Amino acid sequence: MDEWIRQAESWVGQAEGWIRQQPPEQIYVAAAVVAITILLLITVSCLKSSKPNTIVLSGLSGGGKTTLFYQLRDGSAHQGTVTSMEENNDTFVLHSEQEKKGKVKPVHIVDVPGHARLKPKLDEVLPKAAGVVFVVDAQDFLSSMQAAAEYLYDILTKATVVKKKVPVLIFCNKTDKVTAHSKEFIKKQLEKEINKLRESRTAISSADISDEVQLGVPGESFNFSQCLNRVTVAEGAGSTGNVSAVEEFIREHVKA
Amino acid sequence: MLEELLIFTRGGLILWSSCRALGAAALKGSPIDALIRSCLLEERSGDASFSQDNYALKWTFHNDLGLVFVAVYQKILHLLYVDDLLAAVRREFAQIYDPKRTAYDQDFTDIFRQLHLEAEARAEEMKKSKQALSSRPLPPAASHKTDPKASGDSRPNAAKKKKKGKDDSDDADYTAKEALPNGNGTFKAQDRVLVLPKQGKENGGPNDNGAFDVSKLQRLRKNDRKNNTGAADNGAKKLTTKPSETKKKGKQDRVWDDKPSNKKLDFTDPADERGDEVTDHMAVNQGESMMDKDDNLSSDSEEDEQEVEDGPPKKKGWFSSMFQSIAGNNVLDKSDLQPALKALKDRLMTKNVAEEIAEKLCESVAASLEGKKLGSFTRISSTVQTAMEEALLRILTPRRSIDILRDVNAAKERGRPYVIVFVGVNGVGKSTNLAKVAYWLLQHNLSVTLAACDTFRSGAVEQLRTHARRLQIPIFEKGYEKDPAVVAREAIQEASRNKSDVVLVDTAGRMQKLADLSAVPTARLIDGILLTKFDTIDDKVGAALSMVYISGAPVMFVGCGQSYTDLKKLNVKSIVKTLLK
């Protein structure tokens, strides 16, 4: 043990001697180079992290998020999906863009499970979102209208979403089915439901939901155009590959 | 015959489906989704199997790769080889699995066919050998023990359903447990079960009732054992009766060593026994109900790393396990998880979680961690802790929204009053908390009516009348010795006549004819839970977890005191933290 200590001491002494031998300018230059490199690395990492480029797919369970995820990535829904228990998280180049020549930037997409018990996962992902796609089942809309409106309300009133003005796309999925509703109908119904929610939720005011923000203009009926962040509505079908609306949204909002 | 074997990722993508690959018919309904929603996400993945319509499902996980394997077969068939097959499939598939690939048809279909045949053959062999065993003449003393064993195997479905393990060793365990009550004469209920083994006949299909009795026996036995542990046992006994009852809005009780004092709530005026004249004009505004107050989450305390030094020494050498945990290649297996899980289970039980629930939870967490690779620099105990925290968070997060005000408004639009029935055992605090809820609703400008349907306990109607007076709300009462169902119905009619928004119905603690209370003939289950006397328990919050797990209903309110403002919402994060402290 002592021997090692002595060895170490002698090495340190040798190193000191060697350093003293070098001309001082060299040492200053070396130190400067190291400092500049560190600074550069820090600034680059800072810049990268401040611009989120994640698109979040959210919506009720059974809306078609996982199907949409695989459509965007692989161009097909493979053999079908079941209720997700975990999120699907991947960075990839959109399938439709893979044939394009030139540099195509990969996008980072997170598909958050819609089951109510897994709601906390959404809260983890939202702060990093550059855009949110809210998937609505256009075929089965009426029975799940209230729950969908509540989910959407929760997203629109999150402090991070409002502060960063995260754009939201309401994607009406499954429009290939005959009984699917139109996007205008869905939009109106959602606005009505959110209006009702506004009134009952403001009654709870400063309750335990501490990061809720007031939606819309008090006194007026709620309208998506009243939101500070942009809310748009589109339709398509995940299982047939009709997802161009989502792709446009992604390309628009993910900074290259 | 096996209807379907499905392999999918935890993220939801189906990787291989035997139906599609072999061209068989598709399943009716969607039992897989039902399995996920009502079992796997409810932290019941430690259960042996799940049944839906006429399908029975069994599953296994590959936690390291994040895969789930589910086998579906007809419930009436008692397939012996399913567990075996699932394990074999998991093994083979893990070898060919690649996260980038999504199509495994060509490779895996043949392997599966082969495994299926092998498993079926093995099961046939086992059945034949057991049959040969039982047909040999045996001495009478031993017949006591082996007959249950023989008939235990000829009732594979029941045995399989209730068994927790998959191997023969557990088979022996189970039959040993069965044998125990044979010798132990204290259980009367088992007479019926005893008859079958004594006759030594190979009954074709067991009654499910027979099997159910045995499992109830096991539970009773466990409860018996628990009697020595004091506080936990009452909770457990009530738990076993809970699932069979259908109630509206249930409140759960606690057994406490020290009863809370009744000083504050003693409003009886000695001057006037009828209590009408004394205008004890309590201002309706006693301040903001705590329902509406902010709950300060101390998020910085989430980093408290407790150094849990109580883990018993691992079986492997200390140095090698240390090295492995740094290198990060440690694969978790059941023996590693056992000590950590046991410690967690004990901790949960000291916080008043029922033993059954703690057991099931630990199994569910074990099922989700087995076979997982530990990351570098992580200890087993911290991994288990994180997994348990997530599981608890999932259970306590409500499955649907619990926005009462919204539901009330929805009912108002339909022109009918919103009825809340308070149900619960004696002494739990129903009437007190009913008053608190009334106060909260009043604060939100809703008109409330009370209905005194506790026509059994003397003083119940007076108690409610006093509350009604203090809160200045109408009360509907018909005195004592009346049929509570009738009173309730009339109360609701009266309320709709007076355009009242909400009707709060108080019921007796004793089990009156609750079924009659519902205006609609369909049986109703518990919609929500109101936990009472939360202020008296310090950190023994386990009952909240037990109740939510068993009933699947969310906790809507928490009563935490004797005054009108002491009604809170459940703060899930702080409960989880307290449970695992």
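This is a predicted model: local features need pLDDT of at least 70, side-chain atom pairs count only at pLDDT 80 or more; totals for chains, interfaces and linings use all residues.
User: What is the area buried between chain A and chain B?

Analyst: About 3,400 Å². Carbon and sulfur atoms give 51% of that area. On the side of chain A, Q79(A), M85(A) and R117(A) lose the most area to chain B. Together they make up 28% of what that side buries.

User: Why is area used to describe an interface?

Analyst: The size of an interface is often given as the accessible area lost when the parts come together.

User: What makes R10(B) and E86(A) a salt bridge?

Analyst: Their closest N and O atoms are 2.9 Å apart. The cut-off is 4 Å between a side-chain nitrogen of Lys or Arg and a carboxyl oxygen of Asp or Glu. The pair R10(B) and E86(A), at 2.9 Å, is therefore a salt bridge.

User: How many residue pairs are in polar contact between chain A and chain B?

Analyst: Twelve, with both residues at pLDDT 80 or more.

User: How many aromatic pairs does the structure hold?

Analyst: Seven, over all chains. Chain A also has an aromatic cluster, formed by F69(A), Y70(A) and F92(A).

User: Why is the pair of F69(B) and F93(B) called edge-to-face?

Analyst: Start with how such pairs are judged. A pair of aromatic rings is described by the distance of the centres and the angle of the planes. For F69(B) and F93(B), the centres are 6.0 Å apart. Rings pair if the centres lie within 6.5 Å, so these two qualify. Their planes stand at 80°.

User: How do you know whether F69(B) and F93(B) are buried or exposed?

Analyst: Buried means under 20% relative accessible area. F69(B) has 0%, so F69(B) is buried. F93(B) also stands at 0%, so F93(B) counts as buried.

User: Why is S30(B) called partly exposed?

Analyst: The relative accessible area of S30(B) is 44%. Exposed needs over 50% and buried needs under 20%, so 44% falls in between. S30(B) is found in the loop between α1 (18–22) and α2 (31–40) of chain B. S30(B) and Q52(B) are 22 residues apart in sequence, with C-alpha atoms 9.2 Å apart in space.

User: How many residues of α2(B) are buried, and what covers them?

Analyst: Seven of the ten residues of α2(B) are buried, and the helix is mostly covered. Among the buried residues are P31(B), I32(B) and L35(B). The cover includes β1 (2–9), β3 (50–52), β4 (55–62) and β5 of chain B.

User: What does chain B hold overall?

Analyst: Chain B has 21 helices and 13 strands. Of its 581 residues, 47% count as buried.

Definitions and conventions: Residues are numbered from 1 along each chain as its sequence is written. Chains are lettered from A and ligands numbered from 1 in the order in which they are written. Side-chain values use heavy atoms; hydrogens and water are left out. Buried area is the accessible area (1.4 Å probe) that two parts lose on being put together, summed over both. A polar contact is a pair of N or O atoms within 3.5 Å; within protein, one must be able to donate a hydrogen and the other to accept it, and residues adjacent in sequence count only if both atoms are side-chain atoms. Rings of Phe, Tyr and Trp (its six-membered ring) pair if their centres lie within 6.5 Å; planes under 30 degrees apart count as stacked, over 60 as edge-to-face and the rest as tilted. Buried means under 20% relative accessible area, exposed over 50%, partly exposed in between (1.4 Å probe, protein chains only). Helices (H or I, at least four residues) and strands (E, at least two) are DSSP runs, numbered from the N terminus. Contact means heavy atoms within 4.5 Å.
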